[in-house]
Amino acid sequence: MSVETAPPAPVRPAGADNRIVVDGATLTWRDLPELTLPEPVAALAHSARYALAAARHHAVHGTELLLSAASRVDAAMRAELRDAGFAVTELGAPPAGDATAPAARTAEPGRLWLLTSGSTGRPKRVGHTLESLTTVRGQQPARTWLCPYAPGTYAWWQVVTLSLTQPGQHLVVVEPDQLDDWPALAAEHGVDAASGTPTFWRRALHRDPAGLARVPLRQLTLGGEPVDQTILDRLREVFPAARISWIYASSEVGAAIVVHDGRAGFPVDWLDRAAPGRPTVGVRDGELVITSPYHGAGLDGPVRTGDRAQVSGDRVLITGRLDADEINVGGSKVSAGVVRDVLTAHPRVAWARVTGRRAPLLGHMVVAEVVPTVGATASAGSARPADGIGPADRRPVPAEATLDEATLVRWCADRLPEYAVPRRIRVLTEIPVKETLKSDV
């Protein structure tokens with residue numbers, strides 16, 4: 001005699017009743033579209049609503065899932081995913097939820113896949129679980145979080161898992177066409193916590209500083225790019241009572257470093273400090289190396305991150321990617337990140353990018369792009385000290401100076417070795433940003 005057993009009851013996420021503002025509507029996790037997904041599935045979302053629905057579906061059913069914004073996955077990547085055995089499904093575009101190719105292998109229950117940002121080339125797949133992506137545990141104060149990230153990225157999952165697993169953690173989702181005006185959306189819906197890249201915060205400060213100041217933020221988080229002292233100080237000026245946090249995280253090692261003290265980098269005495277259940281951080285040959293309990297599948301043990309780290313006094317600073325940060329000028333090594341930090345410390349520079357350009361004899365020369373603060377190219381305004389370089393560099397800028405290439409070259413020449421001074425500086429009118437909310441990668 002056989003006994004039939006009922007299938008296990010669906011899991012109800014602890015944050016199911018949290019409020020979600022998405023696509024102009026106010027919902028809860030319960031109100032999102034019900035999806036029928038094959039597995040393993042690569043779900044390519046055309047809207048934030050369907051991306052959130054896919055995340056809830058995984059939390060309830062454990063379907064093997066790779067989730068991404070559809071715009072991040074080109075035809076070649078779609079073919080790669082099919083070859084890897086995924087059913088590729090478009091979400092939020094007719095016909096929503098239908099697979100364009102059948103799954104070609106047995107699913108791995110509970111597996112979540114992330115696509116990296118592609119900073120070292122084409123995006124790679126990194127395996128996780130909902131457990132390894134949920135790094136915020138224990139009771140949290142009630143918050144309404146802004147979620148500006150592209151669906152399926154590591155940073156997106158960090159905000160989404162917080163709302164899925166913690167009651168009282170509400171979400172206000174920023175769609176790509178809302179990115180320029182997100183402070184108004186955030187203020188309307190009472191956002192008091194927001195996570196973004198330094199580029200994301202610089203753009204807000206540049207485009208609408210008054211609108212940003214009206215958002216009642218109590219928690220600001222920065223990550224995904226090098227974080228310099230200048231952006232921390234400028235955010236502190238606007239939000240003097242908020243907690244400002246810097247997080248180092250990646251798809252490969254998870255959230256590994258969290259700093260709340262308002263200083264760039266992290267304390268040097270954190271290096272090689274082992275503690276149960278916590279990441280161990282080290283520097284080897286100028287590269288950040290991390291051993292983390294939140295690592296992706298198959299990445300157990302020390303992981304070389306590809307990010308340059310340098311000890312400066314009592315801090316460890318992360319200046320950029322190893323393959324892009326070092327510029328060889330006539331045999332002298334220049335850190336693009338250090339030059340960038342000097343430029344952004346100028347009180348009338350809102351953003352800067354520094355690269356190397358091939359040059360006769362020298363091999364390479366340092367070049368830069370900058371975006372001035374509003375009105376900086378027309379009038380210097382009042383002089384104020386530069387922040388983030390050091391006491392000896394807190395020299396005022398003459399009030400009669402304008403922000404042109406010559407002014408910035410002189411600024412750099414006063415603070416950098418001769419070989420590190422940019423030879424060309426192009427002034428842009430707008431801070432560039434990619435779908436990942438980054439500008440350098």
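In this predicted model, A186 has a relative accessibility of 0%, and because buried means under 20%, A186 counts as buried. The residue belongs to helix α5, which covers residues 182-188. Setting aside neighbours within four places in sequence, A186 is in contact with L146, V191 and V215. T144 is 42 residues away from A186 along the chain, yet the C-alpha atoms of the two are separated by 9.2 Å.

In soluble globular proteins, nonpolar side chains tend to be buried together. Here the largest nonpolar core has 80 residues, and the members that touch the most others are L52, W156, W157 and W201. Another core lies apart from it and has 22 residues, including L343, L403, V421 and I425.

Beyond its neighbours within four places in sequence, W201 is in contact with W182, A194, G196, L212, L217, L220, T221, L222, I231 and L235.

Two packed helices are described by the angle between their axes and the distance between the axes. For helix α6 (residues 198-207) and helix α8 (residues 229-238), the angle is about 50° and the axes are 11 Å apart. At that angle α6 is oblique to α8, and the crossing of the two helices is left-handed. On the α6 side the contact involves W201, R202 and L205, which meet I231, R234, L235 and V238 of α8. By type, the residues of this contact are five nonpolar and two charged, with no polar ones.

Methods:
Residues are numbered from 1 along each chain as its sequence is written. This is a predicted model: local features need pLDDT of at least 70, side-chain atom pairs count only at pLDDT 80 or more; totals for chains, interfaces and linings use all residues. Side-chain values use heavy atoms; hydrogens and water are left out. A nonpolar core is a set of buried Ala, Val, Leu, Ile, Met, Phe, Trp, Tyr and Cys residues joined through side-chain atoms within 4.5 Å. Buried means under 20% relative accessible area, exposed over 50%, partly exposed in between (1.4 Å probe, protein chains only). Contact means heavy atoms within 4.5 Å. Axes are lines fitted to C-alpha atoms, for helices over the stretch in contact, and angles run from 0 to 180 degrees between N-to-C directions. Helices (H or I, at least four residues) and strands (E, at least two) are DSSP runs, numbered from the N terminus. Angles under 35 degrees count as roughly parallel, over 145 as roughly antiparallel, 65 to 115 as roughly perpendicular and the rest as oblique. A crossing is left-handed if the near helix is turned anticlockwise from the far one by less than a right angle, and right-handed if clockwise. Ala, Val, Leu, Ile, Met, Phe, Trp, Tyr, Cys and Pro count as nonpolar, Asp, Glu, Lys and Arg as charged, and the others, Gly among them, as polar.
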